[in-house]
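Please work through the following exercises with the sequence and the model at hand. Each task is followed by a worked solution.

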Amino acid sequence: MDSLTNGWFSELQAELWPGQSFSLKIKELIHKEKSKFQDIQVVETETYGRCLILDGIIQCTARDEFSYQEMISFLPLCAHLNPKKVLIVGGGDGGVAREVVKHPLVEEVHQVEIDDRVVELSKKYLPAMACGFESEKLKLTIGDGFDYMKKHKNEFDVIITDSSDPIGPAVSLFQESYYELMKHALKDDGIVCSQGGSFWLDLDYIKKTMSGCKEHFAKVAYAVTSVPSYPCGHIGFVMGSLNKNQDFVKPKLGKSEIDSIDLKYYSSEVHSAAFALPRWVQKNFYE
């Protein structure tokens, strides 16, 4: 069934969030196509602005995208003492690249996105996010993240995986073997951060993902942010560090330095608060 019906888009996904749906009123269907990897839609909504939808799942909206993009970027960047070289896997809309290049210590950003059509359509229809591709710090590769990391060992300070949900082309990015690949692509004190889903929807799946991360990383944590257009209005991030003494909670970049960056959501206080989890979640993840 088409999820665009009678002027509304409804995010129907029985496998990932059965029995519930988030809906947006649509002003205009701007673009629709099927790429080699996924169905792509760009719509203009009544209240959330322009929206990118992949395989029937909302990836970003103009109204709230900055929360996700800033947090998946600055949580790992500000947990690292000197994140000079960064790898982004996924992130074809350009939003994460836009944020990563803002960090004053970042000198070089490499990005691998499997679907060139997401990149091209984002440049055309989502310029406020795709502006991330314009930075001189960034080198974009169209290809598979697995293959890319197999060829790049001990290179990166931070690896950020901005994937869609664990269905379709993104499934492999949540598996233990992916964390092993990232480990070998990192320098000795490297940090990874991946889209980690919502504990309100599938706590067991997140525990499985974190277990896969723990197989290869000395310190693992889960952080959260608020994104109204995502299922349950909330999403988390699985973070791993090769440093067993890693302190994820306290940002390494000073408050004045963070405040000088053009950010709308992330702050020193928000960084630390992101790791404070409800008691039942904390017990499941850490005890």
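This is a predicted model: local features need pLDDT of at least 70, side-chain atom pairs count only at pLDDT 80 or more; totals for chains, interfaces and linings use all residues.

Residues are numbered from 1 along each chain as its sequence is written, and side-chain values use heavy atoms, with hydrogens and water left out.

**Exercise 1. Determine which residues of helix α3 are buried, and what covers them.**

Step 1. Helices (H or I, at least four residues) and strands (E, at least two) are DSSP runs, numbered from the N terminus. Helix α3 spans residues 116-125.

Step 2. Buried means under 20% relative accessible area, exposed over 50%, and partly exposed in between (1.4 Å probe, protein chains only). In α3, Val118, Val119, Leu121, Ser122 and Tyr125 are buried.

Step 3. The cover over these buried residues includes the strands β3 (23-34), β4 (39-45) and β5 (50-54). It also includes β8 (108-113), α4 (127-130) and β9 (138-142).

Step 4. At the start of α3, the backbone nitrogen of Arg117 has a side-chain oxygen of Asp115 within 3.1 Å.

**Exercise 2. Identify the salt-bridge partner of Arg117 and describe the setting of both residues.**

Step 1. A salt bridge is a side-chain nitrogen of Lys or Arg within 4 Å of a carboxyl oxygen of Asp or Glu. The structure holds 12 of them.

Step 2. The partner of Arg117 is Glu33, at 2.7 Å from N to O. This pair links distant parts of the chain, since Arg117 lies in helix α3 and Glu33 in strand β3, 84 residues apart.

Step 3. Arg117 is partly exposed, with a relative accessible area of 28%, whereas Glu33 counts as buried at 19%.

**Exercise 3. Trace the salt bridge between Arg98 and Glu65 and the network around it.**

Step 1. The side chains of Arg98 and Glu65 meet at 2.9 Å, N to O. Arg98 belongs to helix α2 and Glu65 to helix α1, 33 residues apart.

Step 2. Arg98 is buried at 13% relative accessible area, and Glu65 is buried at 10%.

Step 3. A network of salt bridges links Glu65, Arg98, Glu99 and Lys102.

**Exercise 4. Describe how strand β5 pairs with β4 and β6.**

Step 1. Two strands pair if DSSP finds at least two bridges between them. β4 and β5 are antiparallel, over 5 bridges, and their hairpin has 4 residues between the strands, with Gly49 at a positive phi near 70°.

Step 2. Glu44 has Arg50 in β5 as its bridge partner. The two residues also form a salt bridge, their closest N and O atoms being 2.9 Å apart.

Step 3. β5 and β6 (residues 57-61) run antiparallel, joined by 4 bridges. Their hairpin has 2 residues between the strands, and Asp55 in the turn has a positive phi of about 50°.

Step 4. In β5, 4 of its 5 residues are buried.

**Exercise 5. State which residues touch the most other members of the largest nonpolar core, and which element gives the most to this core.**

Step 1. A nonpolar core is a set of buried Ala, Val, Leu, Ile, Met, Phe, Trp, Tyr and Cys residues joined through side-chain atoms within 4.5 Å.

Step 2. The largest core has 39 residues, of which Leu75, Val100, Phe237, Met239, Tyr266 and Phe275 touch the most other members.

Step 3. Helix α1 gives the most to this core, with 6 residues.

Step 4. Apart from this core lies another of 28 residues, among them Val89, Tyr148, Val224 and Leu277.

Methods:
Contact means heavy atoms within 4.5 Å. A polar contact is a pair of N or O atoms within 3.5 Å; within protein, one must be able to donate a hydrogen and the other to accept it, and residues adjacent in sequence count only if both atoms are side-chain atoms.
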